[in-house]
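Please examine the sequence and the structure shown below before reading on.

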Amino acid sequence: RLEEPVTHRRTIFHRHGSFWLVFDLLDGAGEHEFKIRWRLAPGLRWNHSGETSFATSEHASIEVVPAAGHGWTATTSLSRHSSVYGHVEQADVLCYETHAPVPIAFASAIMCSAQRDQSCGVLTELDRGAADAQLRLYRFELPGQTHLMACAMRHHPWQWRSLASDAEFFYYGIEDSMGESMACCGATHLSVGGIDWRHPPRDWP
């Protein structure tokens with residue numbers, strides 16, 4: 001066990017038919033070296049376009065879009081992989097790493113599709129350094145879509161602009177084809193523009 005222990009909490013949100021958000025929170029005490037790895041199946045290779053990493057096969061593709069300007073070092077390397085006993089192959093591994101004090105967070109949007117869309121999404125951290133210290137806010141933009149996500153660093157009340165809650169996770173999205181949608185997890189209260197949403201409509205997603 002570390003002399004200054006660290007707790008890792010991962011939040012995964014899936015917007016059906018669109019993307020996953022993976023939010024990694026590392027909390028505790030002291031400074032540490034952190035690594036987040038994404039391992040591909042044998043035979044696939046990571047490619048890069050700016051800060052976005054992607055891989056394609058004959059039938060599908062995957063993209064990992066980290067928050068812009070995240071400051072972590074991104075590398076790829078081959079690692080041993082065994083799908084069955086006695087058989088070893090090489091697998092390509094994408095690694096993000098940093099040395100930093102805690103708490104620290106890292107967010108990625110992940111997209112899977114039948115073929116790679118050249119119009120990559122953009123994940124942006126909002127109000128970095130100015131937002132409530134208990135909160136990390138992200139905007140993920142795709143053609144015809146804007147998604148806002150708030151991830152709590154700790155389970156305490158927080159506020160950002162006209163949004164106030166103690167939710168562990170909050171989502172609000174606007175899509176040309178589907179209109180608006182909203183969701184939250186682990187909340188006892190939620191107010192938007194001064195309107196109390198403790199009893200949301202039944203048609204909430």
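In this predicted model, four strands form an open sheet, and their order is S13-S14-S17-S18 with antiparallel pairing. Strand S13 (158–160) and strand S18 (195–196) stand at the edges; each has a single partner strand, so one side of each is left without a neighbour in the sheet. Strands of a sheet pair through backbone hydrogen bonds, either parallel or antiparallel. Strand S17 (residues 190–192) runs antiparallel to S18, and two bridges join them. Within this pairing, Ser-191 stands opposite Asp-196 in S18.

The second topic is the aromatic residues. The whole structure contains seven aromatic pairs. Two of these pairs involve Phe-13 and are set out in the table.

| Aromatic pair | Centre to centre | Angle between planes | Arrangement |
|---|---|---|---|
| Phe-13 and Phe-169 | 4.9 Å | 35° | tilted |
| Phe-13 and Tyr-171 | 4.7 Å | 35° | tilted |

The pair of Phe-13 and Phe-169 links distant parts of the chain: Phe-13 belongs to strand S1 (residues 6–15) and Phe-169 to strand S15 (residues 169–175), 156 residues apart. Tyr-171 also lies in strand S15, so its pair with Phe-13 in strand S1 ties together parts that are 158 residues apart in sequence.

Note on methods:
Residues numbered from 1 in each chain as written. Predicted model: local features only at pLDDT ≥ 70, side-chain atom pairs only at ≥ 80, totals over all residues. Heavy atoms only, no water. Pairing = 2+ DSSP bridges. Phe/Tyr/Trp six-rings, centres within 6.5 Å; stacked < 30°, edge-to-face > 60°.
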